[in-house]
Every structure is written in structure tokens, then in C-alpha cells.
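Welcome, and thanks for bringing your viewer along.

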Amino acid sequence: MSTHNETVDVALIGGGIMSATLGAFLRNLEPSWSIRVFERLPEVAAESSDAWNNAGTGHSALCELNYTPEGPDGSIDITKAVGVNEQFQQSRQFWQFLLDTGQLQDNSFINQCPHMTLVRGGDDVDYLRRRHDALSASPLFRSMRYSTDRDEIASWAPLIVEGRPESDTIAATFDATGTDVDFGLLTRQLLSHHKDVQVNRDVARIEPDGAGWNLKVRNTFTRHESTVHARFVFVGAGGRALELLQTANAPEIHGYSLLPIAGHFLRTTAPEVVERHHAKVYGKAPIGAPPMSMPHLDARIIGGAKSVLFGPYAGANPKFLKNGSLLDMPRTLRPGNVLPFARMGLANLNLLGLLVGDLTSSPAHKLKQLKEFAPTVGDDHWELYAAGQRAQIVKPDQKRGGVLQFGTEVISSAGGSLAGVLGASPGASTAVPIALSVLQKSFPNRYEGAWADRLHEMVPTLGVALTDAPELAAATMARTAAALGIEP
Ligand SMILES: Cc1cc2nc3c(=O)[nH]c(=O)nc-3n(C[C@H](O)[C@H](O)[C@H](O)COP(=O)(O)OP(=O)(O)OC[C@H]3O[C@@H](n4cnc5c(N)ncnc54)[C@H](O)[C@@H]3O)c2cc1C
């Protein structure tokens with residue numbers, strides 16, 4: 001029989017946006033439950049959820065081309081885009097609930113920031129027009145505008161037009177309802193309402209113990225080790241989630257491994273740039289590149305200060321967390337996942353080549369890529385910095401051996417008493433639907449029964465497809481926009 005020092009109802013491993021959001025739901029659904037957050041670093045929200053470690057795009061498919069693939073017959077499939085937008089509407093509703101009930105201090109974590117897409121060349125211009133036509137059919141995208149007129153595009157974002165040769169055929173879409181989100185600030189605000197957040201606590205292992213789990217916790221400051229028993233464990237440990245789920249022997253992740261992809265951005269605070277760029281402008285990813293390497297020129301508002309980012313430049317770095325270890329990858333290799341990983345690598349040599357290419361590309365080459373977006377910006381104002389690490393899922397596949405997956409996957413194990421999140425995209429924007437999915441998988445009876453009314457107070461349109469309900473969609477978007485201080 002094992003012994004443990006303490007018992008809690010819920011253990012949330014990791015102090016990022018995922019744990020913070022799930023914790024906020026559970027606190028409201030079961031106020032009597034004891035919930036403890038364990039964070040290995042001296043502060044919360046210092047990994048991918050930190051504002052500088054991600055691009056802060058409130059992903060709602062207003063500007064990202066990868067959510068609207070073109071079929072062989074030339075039709076545009078908007079299913080994924082509608083899904084991503086619906087998910088963001090859920091996030092907006094939950095944030096409004098937290099503001100209304102005083103569980104978020106203020107709405108300064110979210111700012112209005114139009115989302116744009118810019119394309120060049122006849123085929124892409126034609127694609128963007130058809131994409132706009134297809135999306136306009138949904139009430140979620142009614143405010144999106146399309147133009148090939150340089151003056152109009154310049155009125156939306158002058159820097160992407162100025163200095164561009166007249167021979168360059170361009171088109172753009174513009175949606176004023178887009179947002180820039182400081183997910184770090186949001187995480188810190190959410191966790192400030194938790195009574196029990198322990199920093200400098202590294203959870204080394206999760207072991208089954210009767211009706212629950214024993215967590216082996218190391219105090220990174222004193223080196224003291226303790227065991228904490230929890231009835232329900234959520235692994236919101238970002239890139240470390242796979243390793244922790246492996247220690248728990250979760251069969252659901254058998255054969256899984258991770259491909260780490262580093263992200264770098266160019267950043268400027270030069271007034272001549274930040275005062276003239278108030279949008280997030282997404283372009284098209286190079287052929288063969290992963291979707292998250294779509295180049296974008298982003299206005300950011302962090303801590304009230306404006307800046308502009310350009311990137312991301314992907315790169316190779318074996319760590320699974322920015323503050324991780326070179327041993328992150330070796331520690332997760334198992335007899336069952338080496339082959340799927342190798343097969344994925346062989347099938348994605350192009351991608352691996354691109355990652356290495358980005359790693360070795362010179363500063364001059366990086367500036368050249370920026371100038372394809374904004375031809376007249378000066379060279380001196382930009383600094384290159386390392387953002388967060390993404391750990392993309394590689395999973396076994398019967399036909400192909402192993403496949404690389406760019407989305408996020410919610411893992412639920414042992415009758416739901418252990419859950420976790422793997423992967424990185426669409427990321428922090430979807431923390432609310434991800435938390436809802438964890439609750440549904442781990443507590444199915446409560447979700448459909450005792451919690452149902454309370455969940456609808458928190459996310460009023462839960463279970464409704466807003467894209468099929470134009471009036472409700474318009475009313476919901478107007479209501480949340482007013483609460484969050486963004487464009488209705
Ligand atoms: C370059 C880049 C750009 C991105 N851009 C966007 C964007 O524009 N929009 C968007 O919505 N998303 C974006 N994302 C994705 C988004 O940042 C992540 O999906 C999100 O922040 C993940 O949150 P998390 O809570 O799962 O992980 P994290 O924020 O990484 O938090 C995990 C926490 O767990 C802690 N931890 C790890 N192991 C342990 C352990 N053993 N014990 C205790 N604590 C532990 C870590 O220290 C960390 O604090 C981007 C990501 C990157 C890297």
C-alpha cells in the first residue's frame with residue numbers, strides 16, 4: 001500500500017492557459033472540491049501561454065488560409081473554419097461570464113485587432129475571392145470584406161501596399177471583428193482566483209492508486225519530494241504532457257511521440273511601424289510547410305504597449321518546452337513509438353528540410369521575407385527573438401506507420417479520472433472548448449445532468465451551431481463584443 005502526504009479532489013499539472021481555464025470551470029461547477037495547481041517554474045504562464053511566446057491571435061478562422069482547403073473541383077470547404085470560429089465564440093462567452101461574475105479583473109487581456117489575409121498572384125487572388133464568397137454564407141463571417149483595390153487595402157494596412165511594384169497583383173480580406181489576446185495576462189488573472197497554486201513544483205510521475213492517482217512532486221527550490229493523492233488529474237503541462245501520461249501508463253497514447261518545432265519572431269516597437277499597423281495580416285505558407293508557419297505581420301498590445309511582430313520562423317530545437325531539457329525527446333522514446341516517429345520523418349523529409357533551412361537562414365534572408373510583406377519597413381528596427389516551443393503530435397497510423405498531426409488532442413484515460421492535452425493548434429484560443437471536452441469525457445454523467453444548467457449559464461449557446469442560427473449568432477457576438485470591449 002502506498003502512502004501519501006496529502007489528498008486533493010483535483011490536481012491540475014501546469015500553470016498555463018489550459019489548466020487555468022479548466023480550473024475556472026471546475027471552481028464554478030463544484031465549489032467544494034479542492035483543486036491544486038502545480039507549476040514547475042517560479043511563476044505561472046511563463047511557457048507557451050506567455051504573451052511573447054505566442055502570436056496572440058484570437059484564432060477564429062478570419063485570416064488563416066489553412067482552415068479553408070480547396071477541393072479538387074475548386075470548391076472551398078469551410079467546415080473547419082466554421083468549427084474554429086464556433087469554438088472562439090464559446091471562449092468569448094465564457095470570458096464574458098467570468099467578467100460579469102468578477103472572476104476576471106477586466107477585459108484588458110483582449111484587444112480589437114482586425115484580421116486580414118493577403119495573397120499575391122492570379123491563382124491565389126482567385127482563391128481568396130472564392131474563399132470570401134463561401135465564408136460570407138455563414139453569419140459568423142458576415143463582416144469580412146474582400147478587395148483587390150490597392151487604395152482600399154492600403155486604408156486597412158498601409159505598410160503592406162506601400163513600395164509594392166505595380167506588377168504585383170494582390171488581394172486581401174479584412175475583418176474588423178478580429179482580436180489580439182494576451183493569453184499570459186488571461187492565465188494569470190484566471191489563476192489569481194485559485195486558492196491553491198503551487199509554483200516551483202515539478203510533477204515527476206503519475207501513478208495509479210486505488211480510486212485515483214498519486215503524484216510524485218518535487219519542490220524545485222528545496223528538492224524535497226512528496227506524494228499527493230488526487231481523484232482527478234489533468235495534465236496541462238504543454239510539451240511535458242506526453243511524458244507524464246507515459247508515466248501513468250495511459251494506453252490511449254501508446255505509440256505517440258512529439259516533434260518539437262521552435263518559433264522565432266522579428267519584433268519592433270518603432271513608432272513609424274507600430275503607429276501605422278493595426279491588424280494581423282496572414283499570408284500563405286510556403287508549399288510543404290506546416291500550417292503554423294504561415295507568415296504574418298501582427299499588431300500586438302502587451303501590457304498596454306504596442307509592438308509589431310513578423311514570423312514565425314520555424315526552427316529545429318529538441319526541447320519540448322522553452323525551459324525544457326535536451327533530454328525531453330530521449331525521455332519519451334519507447335519501443336512502441338520509435339518506428340512511427342521514424343516513418344513520419346521519412347514521409348516528411350520536405351518539412352524537416354524546411355525546419356533546418358529556417359534554422360540556418362541568415363538575418364538578411366529573414367528580413368527579405370518580411371519585406372515581401374511590408375516592402376518599405378527599415379532594417380534597423382527589428383530584433384529576432386525566440387517565442388515558445390510547439391510539440392506536435394506524431395501518432396501511429398495503420399497505413400502510413402506514423403503521421404504528424406497539427407491539431408490538439410484531448411486524451412482521457414482510466415474512466416476519465418486522468419485527462420491531458422497534447423499538441424498546439426489552434427491553441428490557446430480554444431482553451432474553453434478544450435476544457436469543455438475534458439469535462440464531457442471525464443465527467444459524462446455530471447456534464448449531461450447536474451452540471452448542464454450551470455454550463456449553459458457559463459456558455460449560453462453550448463450545443464448550438466451558431467452558423468445555422470443567424471439571429472442568435474448576431475446577438476451573441478454583439479453581447480460578448482460589448483463585454484470584451486471589441487468590435488461588434
Ligand atoms: C510560436 C507560437 C505561436 C503561437 N501562436 C498562437 C496564437 O496566435 N493563438 C493561439 O491561440 N495559440 C497560439 N499558440 C499556441 C498556444 O500558445 C498554446 O496552445 C497554449 O499556450 C498552450 O497552453 P498550455 O496551458 O497547454 O501550455 P503552456 O502554456 O506551455 O503551459 C504548460 C505549463 O506546464 C508547466 N509544466 C510542464 N511540466 C510540468 C511538470 N512536470 N510539473 C509542473 N508543471 C509543469 C510548464 O512550466 C508550463 O507553465 C502559439 C504557440 C507558439 C509556440
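This is a predicted model: local features need pLDDT of at least 70, side-chain atom pairs count only at pLDDT 80 or more; totals for chains, interfaces and linings use all residues.

**Stop 1: around Ala419**

Ala419 sits in strand E19 (residues 418-423). Helices (H or I, at least four residues) and strands (E, at least two) are DSSP runs, numbered from the N terminus. With a relative accessible area of 0%, Ala419 is buried; buried means under 20% relative accessible area, exposed over 50% and partly exposed in between, using a 1.4 Å probe and protein chains only.

**Stop 2: the ligand**

Next, select the ligand and the 38 residues around it; Glu39, Ser49, Thr57, Val203 and Ser429 come nearest. A residue is near when one of its heavy atoms lies within 4 Å. Then show the polar contacts, meaning pairs of N or O atoms within 3.5 Å; within protein, one must be able to donate a hydrogen and the other to accept it, and residues adjacent in sequence count only if both atoms are side-chain atoms.

- A polar backbone atom of Arg40 is 3.1 Å from a nitrogen atom of the ligand.
- A backbone N or O atom of Ser48 lies 3.2 Å from a ligand oxygen atom.
- A polar backbone atom of Thr57 is 2.9 Å from an oxygen atom of the ligand.

On its own the ligand has 1000 Å² of accessible area, and the protein covers 97% of that; these areas come from the Shrake-Rupley method with a 1.4 Å probe, and for residues only the protein chains shown count as cover. Colour helix H1 (17-29), strand E9 (201-208) and strand E16 (383-397), the elements that give two or more residues to the shell around the ligand. E16 gives the most, with four residues.

**Stop 3: Thr187**

Move to helix H5 (residues 183-191), where you will find Thr187. Thr187 counts as buried because its relative accessibility is 0%. A polar atom of its side chain lies 2.6 Å from the backbone oxygen of Phe183. Leaving out residues up to four places away in sequence, Thr187 touches Gly15, Gly16, Ile17, Ala20, Ala45 and Ser49. Ser49 is also one of the residues that come nearest to the ligand.

**Stop 4: Asp106**

Select the loop between helix H2 (79-100) and strand E3 (110-112) to reach Asp106. Is Asp106 buried or partly exposed? Its relative accessible area is 33%, so it is partly exposed. Outside four places in sequence, Asp106 touches Leu99 and Gln189, and a polar contact of 3.3 Å joins the side chains of Asp106 and Gln189.

Conventions
Residues are numbered from 1 along each chain as its sequence is written. Side-chain values use heavy atoms; hydrogens and water are left out. Contact means heavy atoms within 4.5 Å.
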